[in-house]
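Visitor: Hi! Could you walk me through this protein model?
Guide: Happy to. Let's bring it up first.

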Amino acid sequence: MLTFLLKSAACLAILMIFYKVMLEKESVHHFKRFFLLGALLVSFIIPNLVFIEYIDAVEPTINSITPSTDPISDAVIVNNAPQASIFDWQLLFWLIYGLGVIGFGLRFIANLFSIRTRIKKNPKFKDNFVTKVLLNQTLPPHTFLNYIFLNQKQHEENSIPQEVLLHEETHAKQRHSLDILLIELVGVIFWFNPLIYLVKSSIKLNHEFLADKAVIQKEQNHSHYQNTLLSYLSNERHQSVGIANAITYSSIKKRFKVMKTNTSKKSFVLRSLLLLPLTALLLFGFSEHRQIEREIAEDHIITMELLGNERVKIQNDIVHFDKVAQILKQEYLSSYASGETKVEITADRPVHLNTINNLSKEIRTTGIDLIEVFANEVIMEKEEYKENVPITSTTTKLHANRLTMVESNAQFQQQSATREEMKEYNALAKKYNEMDRNHMLIKKSEVMRLKTIYGKMSKKQQADAEPFPDFPPAPPAPGAPEPPLDTEEVIKLYPNNPPAPPAPPKPVEHIKEMVAKGASFTLNGEKISGKKAIEVVQKNKHINIDAREANGAKPIVKLSTDPIVIEN
């Protein structure tokens, strides 16, 4: 509510500054009448406008760096929660506002009742399209709707100039009282806004300009009309007439100055054109811009399973990356538009970031931009990690349970298998992976070669290569001599498979260890306590955890709900 009021007041202030500087002294009174009423409405409409931008749905990601499994007791964390204020300030503000509405509402009703009493208790007669009400009170001539209120004595003595009567008839004919009723009702609701009173004053003054213009157009002598007004008003006692349009002396100087003004058509067009950039400024600055996640129909989502050696499984087909675009175009995009299609990729085994990027590039050649990857572990060089990456139409959204960063120096590159060794390993691993596990024919030399190459491979190569075959256990053969390593004899063998990596610890356990080490914590860039960090991790199943330690320095743990994004 407060935001709406501030935006509304700012809009109205800008429009009224434009009116005072560019329009008030010009002779385009009919245009000014609608501008003032429009400014009032626009100041209430623009803050309520909502421009919606549809974006792709983004889910939180869990990233764990340098995790730990050592538990820590919650008892060491102390954080006193702030006590809520006993006094309800919001209730006080609403009470003051309600009293103001009641007070100004009663005043508005009292003014209407006063006009109704004058009409009912005083003699009146119809004259053309207006009804003239003759009053005993010494009040200046004033108009409300089709009623013109005149002093009975002056009317009977014909001491009221015809120009004054024509002035009041113009108020009635152009229905100026409707504008007054509208601004009075707005004033009851927004009684606390001083700009409303400025608008009311400007509307009433412009009504006088309109009535003066009608008289001058008929009399064709503005000097005579000005002298008549001065002579008549100088003898009148000025009393309040409530919400009626009354001819008064206070604004006579401005009225005389505007009577002599004649705005050219060219000047009016130029001033009107200035409203276009002004309206654009108000729309841009004071409307609401909201982003809504775009949903893709379930039958427009293509699922893939990322395998090793640059291969993916689409439905029941296992294809290489270079065949992915062809499969998508032939079997899926013939029925669905690429802009309405989304690809979801899952990876149960560790996968390198470069592999994800390569697959994303192949998919985007089909025109599909919505790509999400759900991986158990993602490996990347430290130089590739970015905390804040702008999300665009060519951004792959990555959801990882674990993020592993590795060094990417020359020594790391040398400690890896060669291209020929990788080709040999993939061929042997694929051969055994495609065999029936219950009827495998295994060559010991090939198994030993697999283990040798696998041990030389870097972690990235292991993530991208064929999975190490799951060999069945060898039958027991006590006392049997072990054949030489270079034999080609077909044997049953039970090798020691590479040990599986330990399961990543629970994020909350990692946070507890960081608390014990005296780490400092932030959540979305804002500093929080250790206890608050544990509560956030326990309550959120998906959250980014970036824990960094320097030699002997205090650890820093950054928590974030923003996802990892990859810019291709």
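Guide: Let's start at N524, which is partly exposed with a relative accessible area of 43%. Partly exposed lies between buried, under 20% relative accessible area, and exposed, over 50% (1.4 Å probe, protein chains only). This is a predicted model, where local features need pLDDT of at least 70, side-chain atom pairs count only at pLDDT 80 or more, and totals for chains, interfaces and linings use all residues. Residues are numbered from 1 along each chain as its sequence is written, and side-chain values use heavy atoms, leaving out hydrogens and water.

Visitor: Where does N524 lie?
Guide: In the loop between β20 (520-523) and β21 (526-528). Strands (E, at least two residues) and helices (H or I, at least four) are DSSP runs, numbered from the N terminus.

Visitor: And what is the phi of N524?
Guide: About 55°, a positive value although N524 is not a glycine. Most residues other than glycine have a negative phi.

Visitor: Which residue in the hairpin of β3 and β4 takes a positive phi?
Guide: That is N128, with phi near 60°. The hairpin has 2 residues between its strands, and N128 is found in that loop.

Visitor: Is N128 buried or exposed?
Guide: N128 counts as exposed, because its relative accessibility is 65%.

Visitor: How do β3 and β4 pair?
Guide: Strand β3 (residues 124-127) and strand β4 (residues 130-135) pair in the antiparallel sense over 4 bridges. Pairing requires that DSSP finds at least two bridges between two strands. D127 stands opposite V130 in β4.

Visitor: New topic! What is the order of the open sheet of 3 strands?
Guide: β13-β15-β17, with parallel pairing. β13 (351-352) and β17 (403-406) are the edge strands, each pairing on one side only. Strand β15 (residues 378-381) is joined to β17 by 4 bridges, and E381 stands opposite V406 in β17.

Visitor: What about helices? How many residues of α18 are buried?
Guide: Helix α18 (residues 507-516) has 7 of its 10 residues buried, so it is mostly covered. Among the buried ones are V508, I511 and M514. After α18 comes G518, with a positive phi near 80°.

Visitor: Last one: where is K253?
Guide: K253 is in helix α9 (residues 252-259). K253 is exposed, at a relative accessible area of 72%.
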